[in-house]
Amino acid sequence: CWICFLICGHCSHGICAEIDESPEYKRNIDHNKFTRVFPEPQSMDAPPYTPQAVAEDFHEAKFNMLHGNIKSACIMAGSAVETACVQFGAINGGLKEKIKTLLNAGIVTQGLADWAQEIRGVRVDAAHQAEREATLTQRDAEDAVLFAEMLFTYLYTLPAKIAERRKSTAKDA
């Protein structure tokens, strides 16, 4: 087992990788031969079944969060949430009104709506940071991205998984 200290070609941060066979000392080490990597690579993918328009904004939000671009991460997470709201028929007003529309239509729960309002505030602070004299933190970005991920799991992944399960059990019966 060999331990290598490397620089990530994507983010330029240091990583530690374990490989079972002796690495050839060359510029490019085959990352497919790593048995473990620290820190573990993080996926930038949106939850399964998330539509492309929403997934693209989510990807940008997560990328920015992981690279310390707090303001951009907060704005893009809010944009992804707003795009999802529109896809579910909430087309009028700002994000606050769109969330309320989804709640009134029974598409989201009260808990998700409350959480969405908290994250909406982070997006507003990011978009109007100077005039609001807002100070954003890495945690704000992480919370915004986490909320978006959980919302998309609720709106897209769970219904698709339930439909798949029902279809598979109906075939088996």
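Q: Leaving aside neighbours within four places in sequence, which residues is Phe152 in contact with?

A: Contact means heavy atoms within 4.5 Å. With sequence neighbours within four places set aside, Phe152 is in contact with Pro47, Thr50, Val54, Phe58, Ala80, Val81, Ala84 and Thr157. The model is predicted: local features need pLDDT of at least 70, side-chain atom pairs count only at pLDDT 80 or more, and totals for chains, interfaces and linings use all residues. Residues are numbered from 1 along each chain as its sequence is written, and side-chain values use heavy atoms, with hydrogens and water left out.

Q: Does one call Phe152 buried or exposed?

A: Buried means under 20% relative accessible area, exposed over 50%, and partly exposed in between (1.4 Å probe, protein chains only). Phe152 has 0% relative accessibility and therefore counts as buried. Tyr156 is also buried, with a relative accessible area of 10%. Of the 173 residues of the protein chain, 33% count as buried.

Q: How is a pair of aromatic rings described?

A: The distance of the centres and the angle of the planes describe such a pair. Rings of Phe, Tyr and Trp (its six-membered ring) pair if their centres lie within 6.5 Å; planes under 30 degrees apart are stacked, over 60 edge-to-face, and the rest tilted. The whole structure holds 4 aromatic pairs. In one of them, Phe58 and Phe152 have ring centres 6.1 Å apart and planes at 75°, so this pair is edge-to-face. Because Phe58 lies in helix α1 and Phe152 in helix α6, the pair ties together parts that are 94 residues apart in sequence. The rings of Phe152 and Tyr156 have centres 6.2 Å apart and planes at 45°, so that pair is tilted. Phe152 and Tyr156 both lie in helix α6, 4 residues apart, about one turn of the helix. Phe58, Phe88, Phe152 and Tyr156 form one aromatic cluster.

Q: Which residues have the most contacts inside the largest nonpolar core?

A: A nonpolar core is a set of buried Ala, Val, Leu, Ile, Met, Phe, Trp, Tyr and Cys residues joined through side-chain atoms within 4.5 Å. The largest has 35 residues, and those with the most contacts inside it are Phe58, Val81, Cys85, Val108, Phe147, Leu151 and Phe152. Its largest share, 9 residues, comes from α6.

Q: How many helices and strands are there in the protein chain?

A: Helices (H or I, at least four residues) and strands (E, at least two) are DSSP runs, numbered from the N terminus. The protein chain has 6 helices and 3 strands, in the order β-β-β-α-α-α-α-α-α from the N terminus.
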